Amino acid sequence: MGFLHRHQNLTPYLLLAPGLLYLGLFFVVPLGFLAYQSLESGSFDVGYAFTWAWGNYWDAIQNYRGHFIRSLEYAAIATLLALLFSYPLAYWIAFRGGRWKNLLLLFIVAPFFVTYLIRTLAWETILADQGLVVRVLRDVGILGHDGRLLATSTAVVAGITYNFFPFMALPVYVSLEQIDERLIEAAQDLYASRWKAFIRVTLPLSLPGVVAGTLLTFIPAAGDFINAQLLGSPKNHMIGNVIQSKFLELTDYPAAAAMSFVLMAAILLMVAVYARAVGTEKLTG
Amino acid sequence: MTDVLTRRDLLRRAAASGAFLTVPGVLAACGGSSSKSSSSGSDHTLAKTLHFSNWPLYIDVDEKTKKHPTLDMFTKKTGVSVQYVEDINDNATFFGKIQGPLSRGQSIDRDIIVMTDNSRYPSLLIKKGWVEKLDKSAIPNFKNLEPALQHPNWDSNRDYSLPWQSGLTGIAYNEKLTDPVLTVPDLLDNPKLKGKITLLQGMGDTMPLIFAANGDDPEKVTDASWERAIKVVKKAVDSGQIRQFTGNDYSGPLAKGDLSACVAWSGDVVQLQADNKHLKWNLPKEGGGIWTDNMLIPKGGNVYTASVYMNFVYEPHIAALIEDYVNYICPVKGAKQELEKIDPSVANNTLIFPTNAMLDNAHNFDAAALNNEKYITEWQNLISS
């Protein structure tokens, strides 16, 4: 008591300490180690040594450009789809859910009590060639009579969309749920149509949730490899698959580390562009 | 062994041993100057506990008590309790986990680990000097090792390894959806199978079949035979014939009928047939693959205790008890005769006790090729292109 009283200016730092310590120990230190590793050269047999091997980065971009682009593309489409699906859902729960709100939210989160791998394997069953979805799509002529969904890019994007759906739905819900409904009423009283009121009032007020959801979905989706592995064909593999095989199969740690940094840079770049486009103040509301 | 071996150390030690980067020189250099290992090697007293890491569902289980009867028998016989952990799900991941401590000369607190020789890791562990030699004086039952498994190309005298179980890699097909698929060319070229087949993502799993079909020797890979094999697979990837490369996740689609045929492990198909009796499995006519899971003693493990345990499981009647539950291929001679007494249906299943003709037609993949970086890179780029 006495100590804190005398050094009141220390309080914020003390409060921050656990978080900073955690991030420092489990994020910054490993990241530094990864950066060091990405500049090593050699081979697993003779050992790797630090040589400022910037070539690792060049090789990563040169040899796997296609995988990087494909990953960002799949992640972007999946993020957009997740937003399109979750916004109306979250809107409905927030404004019309009434006393069922919590139960409905539970339905969104419930699949997450099952592990990631099992959820993805379940999609293998849902999209199976002999399954209901494919049969219906064949009957209505969207798929050819021998068409399939599994082992296509559609399946991979669908899997990612589903697997990251709650990361989009929950932040969007939270920001919609906090909107004071009187503001919307006021807009309508001032002769705004329902659509106008949505565009001018509801949507802007929900943007912090949209931005947070977009980031929470896009960032992990770009590095995902499970969906591509289980639902994609060899031609749909993402950069995560390559990093995983470089690291585990090839034990080429410098290449894997360099690719991780390139991916990180690519994601940061896209996030920066996005943040500029919507305005960073939206992040904090 | 606590210091990390740098390339300079390696060259110096290799030069000191009078061999400039010849294989023995590299081995000596990788072995380092460890003196710790010899203490556990020559000591003939049993440890209190044996730490044994294995794959899931890979040892006998008493369905009622959930205990492992053969492990209890071992404890009763020797007084050594066994800490049995099922923490190996994948060779690459497990190796990724243990390579850190082993490269720093730290123990991984295991006396026995089990790794598959269709991956590069058993040979890599030996080459790196990260496993101990078996104490063969404690393993008189070594004589019971199936002859076909006695001289793998990566540990020709079985100085470091002893098989736990083996399995065959061949072609599975669904007879309701396709005519019998008995050869690799049929699998990869038959237009009726387009987009309805998968291969295994392990290079050491799939390649023996491709090599054998090409008339090449899978156990002695050359650049030319490698190129031929890669070309065959690439063509089938590009044409869309191959739908995916899988681990054992081919089992769902195969059982459901999404796949008409695939490269598959015999043990999986034995289990899948229980649900879908239209599934058939064959070694391709031109030759299939065989893999073996090997018991290895990681550096720092108790060599004598581990060796005594290995001797124990090479008793035919113990091996029979394990086999009756596990249903893979038993490496212990005499186990079949023991099993005929307790469970003849298992003893007479040729997928569990294959005929000599089958064993002759099943090939391992060249360990040097499994560790060739150029080959691995080409293979990985092919399966995730």
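**Group meeting: a walk through the two-chain model**

Let me begin with one residue in chain A, namely A:D224, which sits in the loop between α9 (194-222) and α10 (226-231) of that chain. Is A:D224 buried or exposed? It has 24 C-beta neighbours inside 10 Å, and the cut-off for a buried residue is 20 or more, so A:D224 counts as buried. If we leave aside the neighbours within four places in sequence, the contacts of A:D224 are A:I160, A:M238 and A:G240. A:W195, by contrast, is 29 residues away along the chain, and its C-alpha atom is separated from that of A:D224 by 37 Å.

The mean pLDDT of chain B is 88, and 89% of its residues reach 70 or more. Residues 1-41 of chain B, however, have pLDDT below 50, although this stretch still has 49 contacts in the model beyond near neighbours in sequence. Where pLDDT is low, the predicted coordinates should not be read in detail.

As for the overall make-up, chain B has 18 helices and eleven strands, and of its 385 residues 48% are buried. Taking the contacts in chain B between residues at least 6 apart in sequence, we find that 76% join residues at least 24 apart.

The domain assignment divides chain B into domain 1 (7-164 + 293-342) and domain 2 (167-290 + 365-383). Between them, ten residues of domain 1 are in contact with 13 residues of domain 2, and the domain 1 side of that contact comprises four nonpolar residues, five polar and one charged.

What lies between these two domains? The largest nonpolar core has 104 residues, and those that touch the most other members are B:A172, B:A261, B:C262, B:A264, B:M310 and B:A319. Both domains of chain B give residues to this core, and therefore it lies between them. Another core, apart from this one, has 53 residues, among them A:I93, A:L176, A:I239 and A:A255.

B:A319, sequence neighbours within four places aside, is in contact with B:V313, B:Y314, B:C330, B:V332 and B:A335. B:M310 is one of the buried residues of α12(B), which also include B:V303, B:Y309 and B:V313. Ten of the eleven residues of this helix, which spans 303-313, are buried, so the rest of the structure largely encloses it.

Strand β5 (residues 161-174) of chain B pairs with β9(B) in the antiparallel sense, over four bridges. In β9(B), residues 279-282, the covered face carries B:L279 and B:W281, while B:K280 and B:N282 are on the uncovered one. In a regular strand the side chains alternate between the two faces of the sheet.

Finally, the contact between the chains takes 26 residues from chain B and 24 from chain A. On the chain B side, the elements giving two or more residues are α1 (7-16), α5 (91-103), β7 (242-246), α10 (251-256) and α18 (373-383). Of these, α18(B) provides the largest share, with five residues. By class, the chain B side has nine nonpolar, eleven polar and six charged residues.

Technical notes:
Residues numbered from 1 in each chain as written. Chains lettered and ligands numbered in written order. Predicted model: local features only at pLDDT ≥ 70, side-chain atom pairs only at ≥ 80, totals over all residues. Core = buried A, V, L, I, M, F, W, Y, C linked by C-beta atoms within 7 Å. Buried ≥ 20, exposed ≤ 12 C-beta atoms within 10 Å, placed from the backbone. Domains from an automatic or database assignment. Contact = placed C-beta atoms within 7 Å. Nonpolar A, V, L, I, M, F, W, Y, C, P; charged D, E, K, R; others polar. pLDDT = per-residue confidence, 0-100. Pairing = 2+ DSSP bridges.
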